[in-house]
Amino acid sequence: MGSSGFSWTLPDHPKLPKDKTVALIVLDGWGEANPDLYNCIHVAETPTMDSLKKGAPEHWRLLRAHGKAVGLPTEDDMGNSEVGHNALGAGRIFAQGAKLVDLALASGKIYEGEGFKYIKESFATGTLHLIGLLSDGGVHSRLDQLQLLLKGASENGAKRIRVHILTDGRDVLDGSSVGFVETLENDLAKLRENGVDAQIASGGGRMYVTMDRYENDWEVVKRGWDAQVLGEAPHKFKSALEAVKKLREAPKATDQYLPPFVIVDDSGKSVGPIVDGDAVVTFNFRADRMTMVAKALEYADFDKFDRVRVPKIRYAGMLQYDGELKLPSRYLVSPPEIERTSGEYLVHNGVRTFACSETVKFGHVTFFWNGNRSGYFNPEMEEYVEIPSDSGITFNVQPKMKAVEIAEKARDAILSRKFHQVRVNLPNGDMVGHTGDIEATVVACKAADEAVKMILDAIEQVGGIFVVTADHGNAEDMVKRNKTGQPLLDKNGKIQILTSHTLEPVPIAIGGPGLAAGVRFRKDVPNGGLANVAATVMNLHGYQAPSDYEVSLIEVVDS
């Protein structure tokens with residue numbers, strides 16, 4: 001199907017009518033898990049979602065929303081809002097995360113990108129610092145990617161390189177740090193033979209230095225800052241190999257929790273503090289444990305700890321770690337280029353579209369939905385409304401967030417009869433879930449459920465169709481668990497709160513007075529995921545999806 005033969009025109013669906021109003025509701029962070037005290041969706045009063053689940057079994061099912069179903073490398077990769085909305089909107093699965101980095105490194109494209117060109121400006125007079133997890137675990141980073149980046153950076157003009165290592169022992173065996181350091185030291189020795197001043201400058205264990213997440217403990221990031229930027233740490237060594245071996249000798253020492261150390265020269269001076277004019281790259285591809293250090297490196301206005309000295313640097317992430325915060329603003333590998341999204345097709349076929357959320361998820365229901373693309377496809381056919389999120393507070397303080405306002409905007413858009421598709425994201429389950437506040441998350445889930453009801457009531461009035469789904473799990477499991485699924489306790493006997501996303505599937509429900517008789521979920525797509533939603537929605541608008549889209553979840557049986 002060369003560009004000459006390409007057509008935006010979608011074939012009509014043989015059995016489904018056009019011009020029905022379709023409400024498409026994404027509940028953010030709303031997965032399906034066993035009912036217990038820590039499943040806030042179960043605990044909350046959610047009569048609307050409950051009725052969809054208990055209603056016609058052929059109109060409710062589960063979808064995969066993590067791992068390979070959303071383009072992530074392994075089934076241990078939890079979904080997130082960015083890749084989730086990419087899949088929902090694109091109707092196909094695109095490489096994300098580590099796979100993207102592999103492709104960029106293999107093709108050399110990484111060295112032609114804006115991000116690399118930006119840091120390269122520091123190479124003539126400054127040092128290139130690489131900060132990240134030294135591991136082949138493949139969850140947050142991979143040693144082979146670091147090795148390729150070192151080689152490529154030196155071939156592209158880096159004359160002085162310092163690596164700030166974080167030891168793993170969590171995604172790989174404890175003690176494996178020693179071998180990884182040996183491998184890295186060999187590579188750096190080869191670079192030095194070729195005239196590049198390359199060495200390890202600092203280090204520490206990932207759970208104690210730098211790699212905290214969800215603003216759990218800023219001290220972790222500060223320990224890293226002190227070693228990496230200021231060149232200060234309680235332990236000083238002549239080599240990283242000596243450092244790791246020595247520090248591991250302490251009773252109960254593990255790779256994950258090694259204390260911070262700096263490498264010093266013969267005069268006792270640290271060999272690689274970060275100073276004005278240097279370039280810094282955080283080379284992890286996974287976002288959750290890089291976001292905090294990215295804030296410390298990037299933000300001029302920062303109050304989480306005293307940075308003491310804030311060097312003027314050129315900083316880039318391996319990827320952009322947070323699509324909402326646009327953090328970091330520079331990155332070496334761009335998100336996937338996604339063409340021919342469902343939104344663009346539908347607009348070309350006369351489907352008028354309304355999209356709305358509040359600030360924290362507005363980009364997801366527009367930019368990420370539309371294949372990482374800003375703006376309208378056709379401003380005469382589309383309207384996007386952003387409701388400002390509460391600022392200056394954590395979301396557990398106002399767990400209802402803007403659910404009512406979003407629902408009211410959607411209701412008004414539906415009742416105006418100006419739009420064929422009304423698409424919203426209700427952020428409550430995710431944003432409040434991330435705070436780890438169970439009571440507030442229960443309130444959040446109830447608020448989201450009430451918002452769904454308001455939208456469904458409007459669909460009832462106009463004889464429309466609804467699709468209710470989610471982008472990934474979060475609120476349905478708020479506790480860390482052992483291998484048998486029992487809640488984990490801390491040393492004081494308190495449960496360990498889980499603030500992250502999960503690996504759970506998410507629901508999808510269809511219905512409404514406009515849903516044609518005989519429409520039901522197919523039985524032959526048992527492993528359906530978020531990417532199957534686009535073709536499904538196209539069908540409900542009366543069209544068949546393009547042939548390369550993941551198959552529709554629905555069929556029409558003659559009664």
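Mentor: Begin with the cut-off: a residue counts as buried when its relative accessible area is under 20%, and as exposed when that area is over 50%. Please keep in mind that the model before us is predicted.

Trainee: Is F395 buried or exposed?

Mentor: The relative accessible area of F395 is 14%, so this residue is buried. In the chain as a whole, buried residues account for 57% of the 559 residues.

Trainee: Where does F395 lie, and which residues is F395 in contact with beyond its sequence neighbours?

Mentor: F395 belongs to the loop that runs between strand 11 (382-387) and helix 13 (403-416). Neighbours within four places in sequence aside, its contacts are V360, S389, D390, M401, M431, V432 and T435. By way of spacing, R411 is 16 residues from F395 along the chain, and their C-alpha atoms are 24 Å apart.

Trainee: What does the radius of gyration say about the chain?

Mentor: One sets the radius of gyration against a rule for globules of the given length. The chain, which holds 16 helices and 16 strands, has a radius of gyration of 25 Å; the globule rule gives 24 Å for 559 residues, so the chain is as compact as a globular protein of that length. Its C-alpha trace spans about 85 × 60 × 40 Å along the principal axes.

How values were computed
Residues are numbered from 1 along each chain as its sequence is written. This is a predicted model: local features need pLDDT of at least 70, side-chain atom pairs count only at pLDDT 80 or more; totals for chains, interfaces and linings use all residues. Side-chain values use heavy atoms; hydrogens and water are left out. Helices (H or I, at least four residues) and strands (E, at least two) are DSSP runs, numbered from the N terminus. The radius of gyration is taken over C-alpha atoms; the globule rule is 2.2 Å times the number of residues to the power 0.38. Buried means under 20% relative accessible area, exposed over 50%, partly exposed in between (1.4 Å probe, protein chains only). Contact means heavy atoms within 4.5 Å.
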